[in-house]
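Please keep the sequence and the model open side by side as you read.

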Amino acid sequence: MGEFLIAALALVAQKRHVRRGKSSGGAPSPGALGKVEFVFLNPEPLKIPPRKHFGALATALVLSLGLAPSTAFSRETSAVSAPFEVSDSPAGNYLAARLAEAEHDTFAASTFFRETLRSDPQNIDLVQRAFVAALANGDMTDSFALAQKVLARDPHNSSARLALGVRDIKAKNFVAARSELNFSTSTHQRDLTAVLLTAWSQVGSHDIKKALALVDTLSEPSFAVFRDYHAGLMLEVAGKTVEAGRRLKAAYSSDQSTLRLVDAYARNLDRQGKADEAKAVYEAFDRVQPRQPMIQAALADLAAGKKLEPMVKDVNSGAAEVLYGLGAYGLGAAAGRQGDEIAAIVFLRLALALQPDHVLALDTLGEAYGRLKQYETAIDVYDQIPDDSPMRVNADIHIALLMDALGKSDEAIKRLRGIVAEHPQNAEALSALADLDRSHKNFLASADAYTRVLALTSPGEKSQWAIYYFRGVDYERGKQWDKAEADFKKALDLYPEQPLVLNYLGYSWVDQGLHLDEAFKMLRRAVELQPEDGYIVDSLAWAHYKLGHYDEAVKLLERAIELKPGDPVINDHLGDAYWRVGRQLDARFQWNHARDLNPDPDDLPKILDKIEKGMPDASPPTAVQGSPATPQVENKNGG
């Protein structure tokens, strides 16, 4: 892992467990479920079609090649049974393994590569692929054995060295671990992952002086917080609580908004007998990032007079913290580039090999699988979070949303209602329930849930804009416009120029023929703020269309199509605009394309009718009734 990654890591990655949504005005992905920014920050219903399970696809491939299946493998999850079969044919197993790679199904890839290797155990390409697949799937015994085979042909393979270094740390073979981690570092510019893990191995060898000297070689200013953070953790494990506190305080002074750093520092303060100072650190964090479950649990323990345990207790958990940070950062860096999650998954699996109960690593791993649409695996991972963990309720919320993504909507809503009944003060559970109710068009039930969320939050918090916005959407869809308009205005009071709100309110006014000058200003401003959002561009275009500005609508809709070519609504809109400017052939092409893009069932009959009959003559461009073209956000994972 290069210097840039470590520098960027510098604990910022851990912030993802407080806010995982976009920091800009846009709405975060539905998998965000940040520990403060609730799931209601998904502006559109969670509509993720269930993906055919890879096992059935792989088996079908094997059978289509005329290959006889042999040994059956199955994986039982809390959501679905996913059996598939391996073949007697190496070619069939290899093709199935490569398909699994493409589908990011780590379980199937690991299984099929393992079977393929039986017939060609010396094939280095197969060995390397099987090693990565086993590592990504958490098959540590297999991955360690395969790592040794990789190194027999490629002694400088850093991934294999890292895996074996982790194996040796776990086994307390610290000298061997250092040998693996430093094998390929022959220059002064050493791999910083190796530096940190080597330093932790020195702690294991009871040489804290060497460990700190090694960590302190990270002298660049960008490393300062990260350096002091890990130095503090190492001193804590070495029993030097006061010295640890000095290093953790230095890190905290530079960054007071990172969950892991705040937690480590506050716990150290409490261990020094400074419970009041620890409480003040947690409360300061809570004012900025309210209701984080781990912070709330620590505050409750302090209030009960309980002594807080150190965040990192031994070498294994310290090294796991390094790897967790890499995985968390990697997942954040992979946002929008599906496939890069596998590298993050590998780091998280290594972290969990060292510390199986690392709940934030499990939480992040579940998110990674959700992004890859491996919903069953994601559920498996979230189910590993212990029942007594502060993160357990969050895990249950994730599982419910993943079940909805699998098409088990009734069960998902039932589970969420059960969570809300058991934890009526949990705003995240309420907002998740509101999100699902909205996605299933239970608009007034969703609005009621958001009202309950508002009752749990402090009046005037900026983050409330999202609650008012989505409750406004519910009221508008539930045909209670006066309430909707009031909520949209309140959202803008809390967050002026929020593009999603500008878009929805501006279009709604145009649709009703109200406040047209102000409405178009809002829509134009929304496009200025998010010019690459095809849905917002579509809203401005459709407003022009509604008022008979067909040429302008065509220009904007063509731009929206460039941004979101696969959206059925925008294609349908462009077809309508083409028809109005006399381009009937182009119009029917767009409607046919919209038909093939799986439009909403309510829209499909209208599209088919236009394909067959065209459109009637345009009415005078006055106010037209109908629902606003609300902004949409693509779903990146199932979480």
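Lys279 is partly exposed, at a relative accessible area of 40%; buried means under 20%, exposed over 50%, and partly exposed in between (1.4 Å probe, protein chains only). This is a predicted model, where local features need pLDDT of at least 70, side-chain atom pairs count only at pLDDT 80 or more, and totals for chains, interfaces and linings use all residues. Residues are numbered from 1 along each chain as its sequence is written, and side-chain values use heavy atoms, leaving out hydrogens and water.

- Lys279 pairs with Glu283 in a salt bridge, 3.9 Å from N to O (a side-chain nitrogen of Lys or Arg within 4 Å of a carboxyl oxygen of Asp or Glu).
- Both residues sit in helix 14 (residues 275-288), 4 residues or about one turn apart; helices are DSSP runs of H or I, at least four residues, numbered from the N terminus.
- Glu283 is partly exposed too, at 31% relative accessibility.
- Helix 32 (residues 604-613) holds Asp609 and Lys613, 4 residues apart, and their salt bridge spans 3.3 Å, N to O.
- Asp609 is partly exposed at 33%, while Lys613 is exposed at 58%.

**Across the chain**
- The whole structure has 38 salt bridges.
- One of them links Arg247 and Asp216, with the closest N and O atoms 2.8 Å apart.
- Arg247 lies in helix 12 (residues 241-254) and Asp216 in the loop between helix 10 (208-215) and helix 11 (224-237), 31 residues apart.
- Arg247 is buried at 18%, whereas Asp216 is partly exposed at 35%.

Key
Helices (H or I, at least four residues) and strands (E, at least two) are DSSP runs, numbered from the N terminus.
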